[in-house]
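Student: Could you walk me through this one? I'd like to start with how the elements are named and then go wherever the questions lead.

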Amino acid sequence: MKKIAREILLPISSIFFAFLVGAVIIKASGRSPFLAYQSLLMGGFGSLGNLAQTCLFSIPLIFTGLSVALAYKCGLFNIGGEGQFLLGGLFSMAAGIYIHAPFIIHFPLCLLCGFAGGAVAGAIPGWLKARYGIHEVINTIMLNWICLNFVAYIVNGPMKSPSGLGTPEPLKTAIPPLIIPDSVIPGNQLNIGFIIAIVFVLLVGFYLSRTVQGYNLKAVGLNPMAAEYGGISISKNIFLAMCLAGGLSGLGGTFYYLGDLGRIPSTLSFTGYGFEGIAVALVGGLNPIGVFGASLLFGSLESGGIFMQLNANVPKDLVTIIQALVIIFVIVPGLVQSVFNWYRAKKEKEGFEYS
Amino acid sequence: MDSSKQQNILVELKNITKKFGALIANDKVNLSIEKGEIHALVGENGAGKTTLMNVFYGLYQPDFGKIYLNGTEIHMANPKTAISLGIGMVHQHFMLIPPLTVAENIVLGEEPGNFLTYNKSKAISEVQQISEKHGLNVDPAALVSTLSVGTEQRVEILKLLYRRASILIFDEPTAVLTPQETKDLFRIFNSLKKEGKTIVFISHKLKEVMEISDRITVMRQGKTVGVLVKEKTSEAEIARLMVGRDVLFIPDKEVFPKGDVVLEVQNLQAVNDRHLPALQGVSFTVKAGEILGVAGVAGNGQTELAEVLTGLRSVKNGKIFLKGQDVTQDSPGEKIKLGIAHILGIAHVPEDRHKRGLILDFPVAYNLILGSQNKLPFSKNLILDSQAIQNFAKEKIVEFDIRPGNENLPARYLSGGNQQKVVIAREFSRDPSFLVISQPTRGVDVGGIEFIHHQILSMKKKGKAILLISLELDEILNLSDRIAVLYNGKIMKILERAAATEEQLGLLMAGISEYSSTEKS
């Protein structure tokens with residue numbers, strides 16, 4: 001119980017410190033931090049419509065965050081989220097455009113293809129690591145660029161739509177349906193991806209904590225030599241972890257391109273969701289529930305940022321600054337923790353000397 | 001206190017307190033060392049001996065407490081300060097550069113010569129001079145990579161002497177030595193003492209402490225519990241102070257009728273991680289209800305032998321038979337079948353529990369099922385059964401007296417002895433027919449050693465065949481029925497326990513076999 005409290009307290013106070021420093025920056029630029037934060041909060045959670053927008057922004061982050069967290073449990077640093085995201089998007093888009101089937105078959109098939117696309121992009125560095133011991137950080141970074149250029153070529157070549165904006169739009173049966181009808185919250189775009197993302201949060205959590213496979217995967221991540229001694233194959237688990245991590249990022253791309261954008265644009269670049277997934281995973285303490293919370297936070301900053309820019313005249317770039325500050329406060333080893341420790345040590349020291 | 005004695009005190013550590021998080025490694029520890037004495041610092045593992053010396057050497061800053069040298073308070077900022085004050089330390093793991101010569105290693109950082117040039121002949125002659133003066137008998141021109149462990153240690157000592165150290169600290173120096181090498185080391189200790197040097201000797205081997213030291217400071221759980229004069233104390237008294245109760249030294253040995261051959265190994269060959277031959281034709285058998293001890297100095301093939309027998313390393317040549325069945329893992333290049341030991345019913349207590357035996361960040365309960373996680377009752381249809389895992393852990397915690405008795409605590413937070421108990425509990429609960437037990441009591445406190453030895457003997461009573469690999473000769477002598485001496489990847493000789501003497505084993509461990517030729521075999 002105490003442990004859980006501490007695990008929650010630390011990120012919350014890190015976020016608090018990040019906003020505190022952010023306030024100083026806003027003040028220094030001659031604007032009102034109160035107005036800025038008020039509009040940020042309003043923009044993120046102020047109305048049902050804004051809340052729906054926050055949830056929508058968080059979908060890809062949940063998937064890429066889970067991707068990074070899962071790989072990390074197997075001792076792997078998956079920087080390849082961007083590439084996996086793109087390849088997953090491409091595979092699902094192709095399935096969405098070229099396959100004709102009723103929704104009940106077509107939509108799940110698109111998800112499967114998206115997962116497979118990401119998994120392929122994860123499998124390559126996974127195999128290179130498992131078979132030849134080549135470090136996954138190098139491979140995933142390089143593969144990001146390969147994926148970007150490959151997808152850009154396909155989108156501007158074989159899959160180019162006559163209109164020239166990128167790929168054609170997917171068939172209606174491939175588009176993730178809205179959760180809440182437009183008539184209830186006008187203009188909302190929150191699709192079923194959010195519910196599927198929550199399901200995956202629970203699935204990944206269950207997989208890691210309750211299955212033999214999860215046990216094996218974590219064992220390899222924590223101590224490969226001991227895992228081997230326990231009859232667990234290091235290479236198999238590394239490969240598997242990278243496939244699964246890639247697949248999760250691929251699903252992020254699936255919902256982003258099929259749902260949010262409705263096509264893959266011809267002017268393709270990294271979306272940033274893959275890299276933000278690293279931040280989300282770290283802020284979320286590398287556990288699935290934490291990833292969910294961190295994704296909502298980052299999603300709300302995204303949707304609230306636009307609002308803040310309009311209302312408080314604070315540039316949206318400040319959101320990026322706050323995101324960066326949150327990350328710094330969470331991951332710089334114990335920046336906040338050291339404040340706690342220093343305080344406790346000071347108290348103890350006093351107690352010791354007087355005793 | 002009379003003033004003459006006061007003057008004789010060279011070093012005084014007062015009220016040293018050092019905490020690591022919640023752990024108090026040193027709790028107001030006092031230590032005073034007289035000039036020119038050999039002072040032993042004894043205690044169980046985790047008693048705080050090494051921490052205390054690291055504080056003295058400037059590697060750690062104490063939270064409280066003061067250090068006095070010749071009566072003046074000093075601030076030991078870092079090891080550089082310590083070295084400049086004439087304090088030197090020989091660590092458990094030697095800090096030498098193998099491709100360089102002895103002389104180069106010794107003068108490193110203080111090379112003779114001017115700014116740009118290095119005066120090689122001067123370095124050699126200076127080192128030669130010091131070596132002769134103290135009877136260290138080291139060739140300054142030899143490459144360190146060609147030296148034996150005992151000689152490497154002497155190079156470390158030379159390094160300190162070259163830097164004009166007058167207080168020499170040794171952290172468990174005999175752990176890696178044969179009995180003969182230990183004798184040599186003690187001869188060197190005595191000659192250094194005659195030169196007026198002061199020696200601090202960290203150890204938990206009481207026999208050696210009684211042999212060499214003048215005074216003994218005993219530590220227990222981070223506190224000083226006694227300062228003894230060698231002439232006025234006994235091994236039993238030191239042990240009592242170390243553990244806090246009376247200790248039974250030798251477990252009761254009963255003779256059992258031996259059963260059938262359980263394990264047979266024929267001409268076993270294997271390579272080490274650097275692809276160099278590590279086992280060069282090893283053959284032996286182990287019978288049911290028998291403990292075959294494998295003695296030897298570290299690095300003579302013990303690690304590889306245990307790994308080959310448990311399927312963690314492939315066999316290059318030779319055969320392994322378990323109950324008559326060929327279980328040799330000899331597919332070179334191919335991945336060996338992992339977990340074969342667990343499938344065959346071989347239990348393996350690995351030599352290094354942190355490296356292989358435990359996943360430190362897993363809770364105790366998870367560590368207790370490592371290797372059985374995919375079997376009933378711990379999992380069904382690939383889903384873990386938390387209840388069964390917890391129940392099993394609770395049962396083993398009671399049975400093996402694992403403390404603290406919290407199955408959800410990560411293994412990292414257990415003491416060395418309790419971590420080892422987790423490994424032993426897991427392996428002994430597999431109901432194996434054959435056990436490979438490596439270094440079962442390395443870094444385990446005296447109380448824990450006693451417990452683990454009894455567990456091993458009780459497995460023997462149950463008719464298990466046991467291969468006991470240990471660097472502690474006393475352990476081998478106390479537990480084994482027969483003793484095989486491993487040297488350079490070969491078995492020098494297999495002796496009946498009753499016929500083995502420490503002297504003879506020591507020679508065999510050093511690769512000298514003429515002793516055996518003089519007796520009938």
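Tutor: Before placing any residue, note that helices (H or I, at least four residues) and strands (E, at least two) are DSSP runs, numbered from the N terminus. This is a predicted model. With those labels, B:Arg442 falls in the loop that lies between β19 (434–438) and α16 (446–461) of chain B.

Student: Is B:Arg442 buried, exposed or partly exposed, and why?

Tutor: B:Arg442 counts as partly exposed because its relative accessibility is 42%, and that class sits between the limits of under 20% for buried and over 50% for exposed.

Student: What does B:Arg442 touch, leaving aside its neighbours within four places in sequence?

Tutor: With those neighbours set aside, B:Arg442 is in contact with B:Glu351, B:Asp352 and B:Arg353. As for B:Met89, which is 353 residues apart from B:Arg442 along the chain, the C-alpha atoms of the two are separated by 22 Å.

Student: Switching to the interface, how much area is buried between chain B and chain A?

Tutor: About 2,500 Å² is buried between the two chains, with carbon and sulfur atoms giving 65% of that area. The contact draws on 30 residues from chain B and 23 residues from chain A.

Student: And which side chains form the salt bridge there?

Tutor: The rule finds one salt bridge across the interface of chain B and chain A, and it joins the side chains of B:Arg356 and A:Glu228 at 2.8 Å, N to O. There are also 14 residue pairs in polar contact across that interface, both residues of each pair being at pLDDT 80 or more.

Student: Which element gives the most to chain B's side?

Tutor: On the side of chain B that touches chain A, the elements giving two or more residues are α12 (353–357), β18 (383–384) and α15 (416–428) of chain B, and α12(B) gives the most, with four residues. By type, the residues of that side divide into 13 nonpolar, ten polar and seven charged.

Student: New topic: which residues have the most contacts inside the largest nonpolar core?

Tutor: That core has 135 residues, and those with the most contacts inside it are A:Phe63, A:Val326, B:Phe428 and B:Ile456. Its largest share, 13 residues, comes from helix α3 (residues 48–73) of chain A. Not counting residues up to four places away in sequence, A:Val326 touches A:Ile15, A:Ala18, A:Val283, A:Leu297 and A:Phe298.

Student: What does the second core include?

Tutor: The second, separate core has 47 residues, among them B:Val107, B:Val138, B:Tyr162 and B:Val446.

How values were computed. Residues numbered from 1 in each chain as written. Chains lettered and ligands numbered in written order. Predicted model: local features only at pLDDT ≥ 70, side-chain atom pairs only at ≥ 80, totals over all residues. Heavy atoms only, no water. Contact = heavy atoms within 4.5 Å. Buried area = accessible area lost by both parts, 1.4 Å probe. Salt bridge = Lys/Arg side-chain N within 4 Å of Asp/Glu carboxyl O. Polar contact = N/O pair within 3.5 Å; in protein donor to acceptor, adjacent residues only side chain to side chain. Nonpolar A, V, L, I, M, F, W, Y, C, P; charged D, E, K, R; others polar. Core = buried A, V, L, I, M, F, W, Y, C linked by side-chain atoms within 4.5 Å. Buried < 20%, exposed > 50% of the residue type's maximum accessible area, 1.4 Å probe, protein only.
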